[in-house]
Amino acid sequence: MGALSPPFVGDVTAHTARVFYTKTTGAWTDVETTNTLTGKSHYDAEDPDWPGTALVGSGGPLGDDPPLEPDTEYRVRYHSTGTGLDAWSEPVVFRTLPDLPPPAMPDAGPQPSARNPYTAAPWSAQWNGLLLGEDSSVVLEEVAGLLDAPDVRSSDAELLQRDGLTPGTDYMGARTVTLTMLALDDHELPDLLAAFAPGGGEKPFDFAFPGVAGGRSRIMARVRKRAVTVDKEFHAGRRRVTVELLATDPRLYSADEARAKVAVAVPRGGRLIFPLVFPFDMGDGPASRATPDITNTGSVDTWPVIRLTPATGEIRDPSLTLVHGGDRKRFATRGLRVGRGDALVIDMARRRITLNGASRFGQVDPGSTWFALPPGGSTVQLDVLEGPDGVTADVSWRSAWM
């Protein structure tokens with residue numbers, strides 16, 4: 001009998017192919033598949049579920065049909081044997097498909113960890129280098145005390161032999177903030193306990209809670225108490241940690257420090273003021289000088305820090321005037337000289353004035369006021385008794401809420 005008709009190859013993948021052939025009644029048919037590069041061949045029997053076909057590269061009934069190599073050329077033919085029949089078909093050449101790469105897995109993003117960076121995402125916080133909430137393994141369950149009013153320090157005095165008190169001035173005491181946290185990663189629990197160990201100086205507690213103090217704020221605090229409950233939930237992986245922070249300054253401050261530069265509107269130019277010679281010109285009054293607006297967007301006074309570093313020459317007796325609405329407060333120095341490159345720093349909150357790090361408290365004019373910036377817009381005006389042109393001071397502050 002002559003050669004059989006060539007087979008047809010379809011459903012080609014990287015590792016299998018289906019071979020269709022002409023089936024002869026009463027004959028046994030097998031399929032030979034040969035790797036044209038290596039010359040290695042293997043054989044497949046008829047697929048019982050698909051008569052007249054064989055699925056090459058699928059393992060075979062005895063496991064002797066290994067998967068085809070991807071992107072490789074093969075030659076396939078079939079052989080029929082029976083009564084008076086022993087014939088081969090013409091071969092057909094085909095190529096398997098390339099092996100497709102595994103599907104790309106979507107980026108799951110950063111895994112929850114207390115070591116992830118703080119980005120001020122809503123409802124997250126940071127303490128001592130640890131992220132709390134959002135992408136952290138430490139869940140913030142509750143934060144108490146941020147919007148509570150601090151304790152009041154009253155200076156009311158008792159009236160003798162009369163009802164009532166003599167009203168005094170009320171001052172705010174310290175602020176206590178309680179954090180209730182759930183630690184989900186037992187590997188990071190030691191870091192959490194170490195970060196909230198009592199003792200040490202005040203550290204910034206940064207937080208981003210919508211609707212609280214502008215949305216991105218901070219307090220300076222230290223750990224006073226820490227409680228960890230060891231119970232069934234602790235054993236099951238729900239480790240609850242409660243921490244009490246004490247902030248000696250009860251204000252909530254903006255996380256971003258604002259800055260403004262203040263210049264002397266009418267420099268003295270180094271000329272002496274005394275002795276006076278009539279007619280004389282004292283220059284424009286401080287109230288008429290143009291100065292940058294300084295805005296405290298918070299709800300309570302905040303204390304600025306003023307830095308003055310002459311770049312071109314010595315100045316004498318610098319003074320600063322705060323103007324807010326119709327109110328004026330003046331801070332002045334007496335007998336103070338600040339040379340070129342010197343650094344004069346006035347910290348209004350701490351009642352501290354230093355020149356190159358050394359205290360100059362004794363050279364503050366007795367009539368001076370250590371002023372704070374009220375809520376809203378204000379101006380700070382700079383003046384010097386003597387000095388070159390271009391004298392400026394840098395004012396820095398953080399908006400504050402209570």
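Where in the structure is the place of L355? L355 sits in strand 29, residues 352-355, where a strand is a DSSP run of E with at least two residues, numbered from the N terminus. Before going further, please note that this is a predicted model, in which local features need pLDDT of at least 70, side-chain atom pairs count only at pLDDT 80 or more, and totals for chains, interfaces and linings use all residues. Residues are numbered from 1 along each chain as its sequence is written, and side-chain values use heavy atoms, with hydrogens and water left out.

L355 counts as buried at 8% relative accessibility. Buried means under 20% relative accessible area, exposed means over 50%, and partly exposed lies in between (1.4 Å probe, protein chains only). From L355 to S80 there are 275 residues in sequence and 106 Å in space, C-alpha to C-alpha. S254, found in strand 20 (residues 252-254), is buried too, with a relative accessible area of 13%. S254 and A195 are 59 residues apart in sequence, and their C-alpha atoms are 23 Å apart.

**Salt bridges**

A salt bridge is a side-chain nitrogen of Lys or Arg within 4 Å of a carboxyl oxygen of Asp or Glu. A search of the whole structure turns up 17 of them. The table shows some, including how far apart the partners are in sequence.

| Pair | N to O distance | Apart in sequence |
|---|---|---|
| E46 and K23 | 3.2 Å | 23 residues |
| E32 and R77 | 2.8 Å | 45 residues |

E46 lies in the loop between strand 4 and strand 5, and K23 in the loop between strand 2 and strand 3, so their bridge ties together parts that are 23 residues apart in sequence. E46 is partly exposed at 27%, and K23 is partly exposed at 48%. In the next pair, E32 belongs to strand 3 and R77 to strand 6. Here E32 counts as buried at 9% relative accessibility, whereas R77 is partly exposed at 27%. Elsewhere, E141, E233, R238 and R240 are linked in a network of salt bridges.

**Pocket and cavity**

On a 1 Å grid over the protein atoms alone, a cavity is a set of points where a 1.4 Å probe fits but cannot get out, while a pocket is an open set with protein on both sides within 12 Å along at least five of seven lines; lining residues have an atom within 4 Å of a point.

What is the volume of the largest pocket? The largest pocket has a volume of about 710 Å³. Of the 22 residues that line it, D249, Y253, W303, A349 and R350 are the closest to its centre. Strand 18 gives the most to this lining, with three residues. By class, the pocket lining has nine nonpolar, three polar and ten charged residues.

The structure also holds one cavity of 30 Å³ or more, and about 50 Å³ of space lies in the largest cavity. Among the residues lining the largest cavity are I306, L308, F331 and L382. Strand 23, strand 25 and strand 28 each give two or more residues to that lining. The cavity lining divides into eight nonpolar, two polar and no charged residues.

Key: Grid points are joined across faces, edges and corners, and a volume is the space filled by probe spheres set on the points. Helices (H or I, at least four residues) and strands (E, at least two) are DSSP runs, numbered from the N terminus. Ala, Val, Leu, Ile, Met, Phe, Trp, Tyr, Cys and Pro count as nonpolar, Asp, Glu, Lys and Arg as charged, and the others, Gly among them, as polar.
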